[in-house]
Amino acid sequence: MSAFKVIGPNMVLQQGIPAPIWGWADAGEEVSVKFADQEKKVSAGQDGSWMVKLDALEASAEPRDLVIAGKNTMTLGNVLVGEVWVCSGQSNMEWSVGGSDNGQQEIAAANFPKIRLFHIPKTTAGRPQPDVNADWKECSPQTVGGFSAVGYFMGRKLHQELDVPVGLINTSWGGTRIEPWCTLASFEANPALADIAKRVKQTLPETPEGKETYAGALAQIEAWLPQARAALDEGKPLPNMPGLPRELTGNQDPCALYNAMVHGIVPFGIRGAIWYQGESNMGEGMLYYEKSKALVDGWRKAWGQGEFPFQITQIAPFQNYGDGALPAFWEAQDRVVQDVPNTGIAGTGDISNLADIHPRNKQDVGLRHALWALANTYGKKDIVWRGPRIKDAKLGGATAEVSFDHAGTGLSTRDGKAPDWFQVAGEDKNFVDAKAEITGDNTVAVSAEGIGKIAAVRFGWKKTAEPNLQNKEGLPAYPFRTDSW
């Protein structure tokens, strides 16, 4: 009798929802799980798998034992109850505490034994794997250095503000695309991604597409055999043998990272997920919107916890992206949070490094994810949790008035100068740099010499744009365009 790795000593169980505990035993073996004055019993199925769900637990920083008993007994010590978040994506999520701004000072100060870290190693698989090879560890200067900086800084803020234990699951891999992190079911459910679903199913012999593919490959091998025997009898070089379909086990292959680095922690109770990825899908525009929807929908359906919070991170300005690619990508990211329920975005336009795709200021990224969660997930009042976002633009005259949501206690600029990175165009669709002025708590007036009838406004619409517009709480305005040209 055994449990999976995510069910282990030092773990944090999610408060407020039924807590799944699962593992393996002999077929039909009776298993009991005891924790926090609860006891749940179940008999293992014919395949040996078992699962119980503890009744919803209250947050507790008291270390307690969780005991699993069958033919043998497992005692998992130092278990807490609090808030659990999954942290995933590519290199900017993987980026470590030690590699961030003031990394050594951050490591030295990371004495938070009620924060627990679960760091899943990099691996791939062509099919969903039942387990991952990781262990829960107390957050300390000895354990935090290589952990996700964005995840840690978010978790630290939540721990301090909520005064409950926090569990952080880091499953990330630098340089990876979004497709490897998605489920097959999410590709199947989205017509825009049907070609990806077909590609995956062609490698699985249990699907009709896979049967057809493998049957064709076997037919080629069967045709090759007599040719090979004839060549061998004649002492000639054998023709190359046809191969079977390649398993999708590369770290850029669809589903390969979900299979190996996410499936094994499902359905561990979580509050939500944060996501920092997109650099490797740059240039896809609105196709990335479809893939992001698939990612969120696939994870939510896999976990079976409903529409749990899912936060994404704006990709930071960077000089080496292709012209036009980054603004179109920002537009796709913003569309996700408009269309997909219970999603948010952490802005990064003011904390970038134009010469480095890995900005070192991960503290503010984590803080902004925490602010969104505190306001939207935990119901904290009077928190400004997002930077200004366009609400409306009055066009058609020599001056356009742009109004913003999320202006906080008022608009400002971080350098005290006039707002920059505004452009306007007339009916000729030629954009020119514009003069902008804050005219109210949530309004900016925009104009340009020589344009008497403004047809469109753009803001921050360039890969190197680091606009100074923000709310007075210091959160940056999000790029936008009013045109669809």
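Which residue in β3 stands opposite Ala-3? The legends below give the answer, along with several other close-ups. This is a predicted model, in which local features need pLDDT of at least 70 and side-chain atom pairs count only at pLDDT 80 or more, while totals for chains, interfaces and linings use all residues. Residues are numbered from 1 along each chain as its sequence is written, and side-chain values use heavy atoms, with hydrogens and water left out.

**View 1. Strand β3 and its two partners.** Here is the answer: Ala-3 stands opposite Gly-23 in β3. Helices (H or I, at least four residues) and strands (E, at least two) are DSSP runs, numbered from the N terminus, and two strands pair if DSSP finds at least two bridges between them. Strand β1 (residues 2-3) runs antiparallel to β3 and is joined to it by two bridges. On pairing with strand β6 (residues 49-54), β3 is again antiparallel, this time over six bridges. Gly-23 also stands opposite Trp-50 in β6. Strand β3 (residues 19-24) has five of its six residues buried, so it is largely enclosed by the rest of the structure. Buried means under 20% relative accessible area, exposed over 50%, and partly exposed in between (1.4 Å probe, protein chains only).

**View 2. Inside the nonpolar cores.** A nonpolar core is a set of buried Ala, Val, Leu, Ile, Met, Phe, Trp, Tyr and Cys residues joined through side-chain atoms within 4.5 Å. The largest one has 113 residues, and Leu-13, Leu-66 and Ile-68 touch the most other members. Strand β8 (residues 73-89) supplies the largest share of this core, eight residues. A second, separate core holds 21 residues, including Phe-480 and Ile-451. Look next at Ile-68: leaving aside neighbours within four places in sequence, its contacts (heavy atoms within 4.5 Å) include Met-1, Ala-3, Ile-21 and Trp-50.

**View 3. Aromatic rings in pairs.** Rings of Phe, Tyr and Trp (its six-membered ring) pair if their centres lie within 6.5 Å; planes under 30 degrees apart count as stacked, over 60 as edge-to-face and the rest as tilted. The structure holds 17 such aromatic pairs. Phe-118 and Trp-136 have ring centres 5.0 Å apart and planes at 40°, so this pair is tilted. Because Phe-118 lies in strand β9 (residues 112-119) and Trp-136 in strand β10 (residues 136-139), the pair ties together parts that are 18 residues apart in sequence. Phe-118 counts as buried at 0% relative accessibility, and Trp-136 counts as buried at 3%. For Phe-422 and Phe-480, the centres are 6.4 Å apart and the planes at 70°, so that pair is edge-to-face. Both Phe-422 and Phe-480 are buried.

**View 4. A ring cluster with a charge.** Ring pairs link Trp-181, Trp-275, Trp-299, Trp-303, Phe-308 and Phe-310 into a cluster. Over the ring of Phe-308 sits the charged end of Arg-300, 5.9 Å from the ring centre. A charge sits over a ring if NZ of Lys or CZ of Arg is within 6 Å of the ring centre and within 35 degrees of the ring normal.

**View 5. The surroundings of Asp-334.** Asp-334 is found in helix α9 (residues 325-339) and is buried, with a relative accessible area of 9%. Its side chain is joined to that of Gln-338 by a polar contact of 3.0 Å. A polar contact is a pair of N or O atoms within 3.5 Å; within protein, one must be able to donate a hydrogen and the other to accept it, and residues adjacent in sequence count only if both atoms are side-chain atoms. Not counting residues up to four places away in sequence, Asp-334 touches Arg-386, Arg-389 and Tyr-478. Arg-386 in turn lies over the face of Tyr-478, at 5.9 Å from the ring centre.
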